[in-house]
Amino acid sequence: PRVLSHEEIKHGPCSFPEAPNGQGMLLHGWVCAPTATLPRLRIDSSVRSDARTAAARNGAVRKRARACTPQLVMNGAAAAQSWKQAPPAFRGAPKAIGVVIAFGLLVYAFARAVKRLFDTPSRPYAGAEEGVGSEYDQWTDEGVLEHYWGEHVHLGYYTESEMERGYKKKDFKQAKYDFVDEMLRWTQVQNDDDLNVQKVLDVGCGIGGTSRILARRFPQAQITGITLSKEQARRAQELAKEQGIENVEFVVMDALAMSFEPNRFDLVWACESGEHMPDKEAYVREMVRVLKPRGRLAIATWCQRDTPPDLSPHDKECLQFLYDEWSHPFFISYQEYGRIMARTRAMTSISAEDWTKPTIASWRHSIWVGIWRPWFVIRKGFSKKPGPRIWYKVLREIVCLERMHRAFDRGLMQYGMIKGTKAA
């Protein structure tokens with residue numbers, strides 16, 4: 001190989017500068033030291049050729065960079081000048097976009113907060129008088145439920161032809177009267193010549209709508225309605241007096257511990273009261289106890305579907321919301337009500353049916369009634385009592401009504417009808 005001196009390497013075609021610290025330089029992996037340290041270095045021709053090629057390449061890169069720099073500077077200046085000359089609306093676009101994005105995020109956060117609020121139940125079961133009784137006291141005192149639902153705080157009945165025409169064409173309150181007529185027809189009490197109805201018990205009477213209908217249907221009988229709500233009992237008595245009905249009375253009483261003597265009533269009627277009972281067995285047993293031999297027991301109640309198949313985690317979550325929003329301890333299936341009735345060993349001719357189809361329209365119908373005539377609630381919100389909180393409360397009721405409809409629609413909930421005759 002040819003031998004190059006340090007001076008040749010430093011000042012020759014490669015022109016590699018010496019390292020600033022005077023300790024040498026790196027050349028294609030070779031260390032080239034100062035002359036005093038290493039006077040000569042062997043570099044073959046291929047290394048020299050590679051060095052020249054690299055130098056040429058680096059020179060071309062530097063030349064292109066120098067050529068591009070003025071253009072970049074010129075383009076940057078032109079862009080800045082163009083931006084200054086742009087219309088004000090265009091120059092403000094990024095700021096406007098930022099405002100829109102920020103507003104969208106705020107709306108999204110607010111919507112999530114509202115959804116979380118309405119997805120969180122507000123009235124879990126807190127006992128009979130403290131929970132259920134006080135809730136119905138408030139509703140009765142506010143008057144909203146009576147204004148929209150009428151005298152009957154229960155679902156209505158819709159025939160197949162009425163559903164085909166559209167349930168919203170039917171009078172919402174009339175549907176409730178029709179339900180009482182259909183339930184009375186289903187019990188077959190009026191068609192039983194051997195049953196002389198003299199005393200009737202309405203368990204969970206509300207403001208007495210059904211009790212007054214039964215008083216008219218059985219003018220020879222004494223009708224007694226019981227409820228946990230003092231306000232409901234008061235209002236029920238007022239309406240009976242206004243309507244001139246004398247063969248009816250209303251008492252505040254716990255259905256799980258009734259003070260009536262055994263074998264007293266010819267007909268025990270329980271419409272949508274079992275939902276609030278923390279002990280379904282005791283609920284049925286007490287009604288059977290006060291029922292006369294050959295007397296008729298009729299129950300209408302919201303139920304969850306029978307198991308198996310087991311409830312899914314989503315099913316349990318949906319049910320828990322319905323429990324905790326409307327002060328329900330739990331639901332059972334209408335088949336289980338029938339089994340409870342059979343376990344009393346005092347009942348015969350037991351029958352249990354699903355009336356979801358003719359009643360499910362009530363849930364959304366009640367929402368539409370409020371949408372069509374919102375002024376009562378609006379005025380209530382501006383009054384001293386109950387004030388604006390009634391708006392929030394009604395919105396929560398709408399959410400729960402829709403959730404009820406969906407639960408019934410997908411079969412998680414069912415409307416149970418259970419009846420039986422007490423053995424002689």
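Guide: The account below takes up the salt bridges, with attention to one helix and its partners.

This is a predicted model, in which local features need pLDDT of at least 70 and side-chain atom pairs count only at pLDDT 80 or more, while totals for chains, interfaces and linings use all residues. Residues are numbered from 1 along each chain as its sequence is written, and side-chain values use heavy atoms, with hydrogens and water left out.

The structure holds 32 salt bridges, a salt bridge being a side-chain nitrogen of Lys or Arg within 4 Å of a carboxyl oxygen of Asp or Glu. Among them is the pair of aspartate 119 and arginine 403, whose side chains meet at 2.7 Å, N to O. Arginine 403 belongs to helix H17 (residues 389–409), whereas aspartate 119 sits in the loop between helix H4 (93–118) and helix H5 (128–142), so this contact ties together parts that are 284 residues apart in sequence. Helices (H or I, at least four residues) and strands (E, at least two) are DSSP runs, numbered from the N terminus. Aspartate 119 is partly exposed, at a relative accessible area of 30%, and arginine 403 is likewise partly exposed, at 27%. For these terms, buried means under 20% relative accessible area, exposed over 50%, and partly exposed in between (1.4 Å probe, protein chains only).

Because arginine 389 lies in H17 and glutamate 142 in H5, the pair ties together parts that are 247 residues apart in sequence. The two partners can be described by their accessibility: arginine 389 is partly exposed, with a relative accessible area of 45%, but glutamate 142 counts as buried at 4%.

Arginine 396 forms a salt bridge with glutamate 325, the closest N and O atoms being 3.0 Å apart. Here the link runs between distant parts of the chain, from glutamate 325 in helix H12 (residues 313–325) to arginine 396 in H17, 71 residues apart. Glutamate 325 is buried, with a relative accessible area of 0%, and arginine 396 is buried as well, with 4%.

Salt bridges also link Glu146, Glu231, Arg234, Arg235, Glu238 and Glu242 in a network.
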